[in-house]
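Please read the points below with the sequence and the structure open side by side.

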Amino acid sequence: MFFDFGIKDAIDILLVGLMLYYVYRLMRESRSLNVFVGIAIFIVIWLFVSQVLEMKLLGTILDKLVSVGVLAIIVLFQDDIRKFLYNLGAHRRIRSLLKYFMPKHTQDKDQEQLKRDIMPIVMACMQMAKGKVGALIVIERDSSLSDIVATGEVVNANINQRLIENIFFKNSPLHDGAMIIRQHRIEAAGCILPVSHNLDIPKELGLRHRAALGMSQESDALVVIVSEETGGISIASGGVFRLRLSAEELEAVLTEELS
């Protein structure tokens with residue numbers, strides 16, 4: 001049997017290992033790891049009872065529970081399954097591969113528009129950081145943020161440095177919420193973001209950072225944070241923080257992530 005082991009079997013084992021690893025990482029990030037482990041233990045007990053001990057009555061009961069349990073798992077982990085499938089389709093390498101099929105003049109035009117979008121954001125963040133004005137700017141990518149936009153006030157304006165600063169000015173009625181940028185425009189302000197319950201977030205980071213991380217975990221959005229306490233500039237993307245960025249670093253990250 002050992003000599004029947006071929007490259008196809010090695011690839012099969014590797015793919016299963018990668019699948020289990022990504023499922024484990026997804027469950028750990030969503031705090032559903034204990035539930036996943038409980039399901040795995042139940043499956044082991046079911047196989048042991050029905051296949052090894054061959055207990056017909058208990059095995060039949062467990063068989064029925066497993067058949068119904070598939071639907072229960074889909075309902076229980078629907079958000080995690082949706083997030084996994086979305087991340088699979090929106091993976092950066094896949095998007096990079098698609099760029100090769102775009103005409104060069106289209107790519108050049110997109111880069112020019114990207115620069116026009118980024119510079120007002122960078123300049124506004126630097127000015128707000130100097131005055132320790134808190135800000136939360138969400139840049140929509142592939143995942144629609146219409147539900148988040150609906151929680152705030154529609155602005156529908158060009159991306160402008162002064163407008164961004166005025167919205168987050170401490171006496172502004174919209175300064176506590178998040179600004180949503182989509183399709184090269186400031187779509188809305190004063191929006192409410194989902195808060196991350198990740199216990200690994202450093203304690204010195206406040207609610208604004210938790211909201212940014214939660215938004216980046218539930219979508220592919222890029223979230224820029226200006227701390228009101230320290231004036232530090234950070235970015236949350238894919239459930240990961242990049243902290244204490246300079247103007248050059250902020251511009252570089254935005255260009256890299258949005259290209």
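1. A partly exposed arginine. Arg242 has a relative accessible area of 30% and is therefore partly exposed, where buried means under 20% relative accessible area, exposed over 50%, and partly exposed in between (1.4 Å probe, protein chains only). Its side chain meets that of Glu257 in a salt bridge of 2.9 Å, N to O, a salt bridge being a side-chain nitrogen of Lys or Arg within 4 Å of a carboxyl oxygen of Asp or Glu. The pair links distant parts of the chain, since Arg242 is in strand 7 (residues 240-242) and Glu257 is in helix 10, 15 residues apart. Glu257, with a relative accessible area of 4%, is buried. Salt bridges that share partners join Arg141, Arg242 and Glu257 into one network.

2. What kind of model this is. This is a predicted model, in which local features need pLDDT of at least 70 and side-chain atom pairs count only at pLDDT 80 or more, while totals for chains, interfaces and linings use all residues. Residues are numbered from 1 along each chain as its sequence is written, and side-chain values use heavy atoms, with hydrogens and water left out.

3. The chain as a whole. The protein chain has 10 helices and seven strands; helices (H or I, at least four residues) and strands (E, at least two) are DSSP runs, numbered from the N terminus. Of the 259 residues in the protein chain, 34% are buried. Among contacts with a separation of 6 or more, 60% are between residues 24 or more positions apart, contact meaning heavy atoms within 4.5 Å. The accessible surface of the protein chain is about 16,600 Å², and 62% of that belongs to carbon and sulfur atoms; accessible areas come from the Shrake-Rupley method with a 1.4 Å probe, and for residues only the protein chains shown count as cover.

4. The largest nonpolar core. In soluble globular proteins, nonpolar side chains tend to be buried together. Here the largest nonpolar core has 30 residues, and those with the most contacts inside it include Ile121, Cys125, Ile137 and Leu250; such a core is a set of buried Ala, Val, Leu, Ile, Met, Phe, Trp, Tyr and Cys residues joined through side-chain atoms within 4.5 Å. The largest share of this core, eight residues, comes from helix 6. Leaving aside neighbours within four places in sequence, Ile137 is in contact with residues including Ile121, Cys125, Ile164, Phe168 and Val224. Apart from this core lies another, of 21 residues, among them Ala178, Ala188, Leu193 and Ala212.

5. Which helix gives the largest share of the nonpolar patch? The answer is helix 2, with five residues, and helix 2 (33-52) and helix 3 (56-76) each supply at least two. The members of the patch include Phe42, Ile43, Leu47 and Leu65, and together its residues have about 990 Å² of accessible area. Patches are made of residues with over 30% relative accessible area and no salt bridge, where like charges are joined within 9 Å and nonpolar side chains (Val, Leu, Ile, Met, Phe, Trp, Tyr) within 5 Å. Ile43, in helix 2, is partly exposed, with a relative accessible area of 38%.

6. The structure holds five salt bridges, and one of them joins Arg182 with Glu140, the closest N and O atoms being 3.2 Å apart. Because Arg182 lies in strand 3 and Glu140 in the loop between strand 1 and helix 7 (146-149), the pair ties together parts that are 42 residues apart in sequence. Both Arg182 and Glu140 are buried. The side chain of Arg182 also makes a polar contact of 3.3 Å with that of Ser146; a polar contact is a pair of N or O atoms within 3.5 Å, and within protein one must be able to donate a hydrogen and the other to accept it, with residues adjacent in sequence counting only if both atoms are side-chain atoms.

7. A salt bridge within one helix. The side chains of Glu165 and Arg162 meet in a salt bridge of 3.3 Å, N to O. These two residues are separated by about one helical turn, because Glu165 and Arg162 are three residues apart in helix 8. Glu165 is buried at 17% relative accessibility, whereas Arg162 is exposed, with a relative accessible area of 52%.
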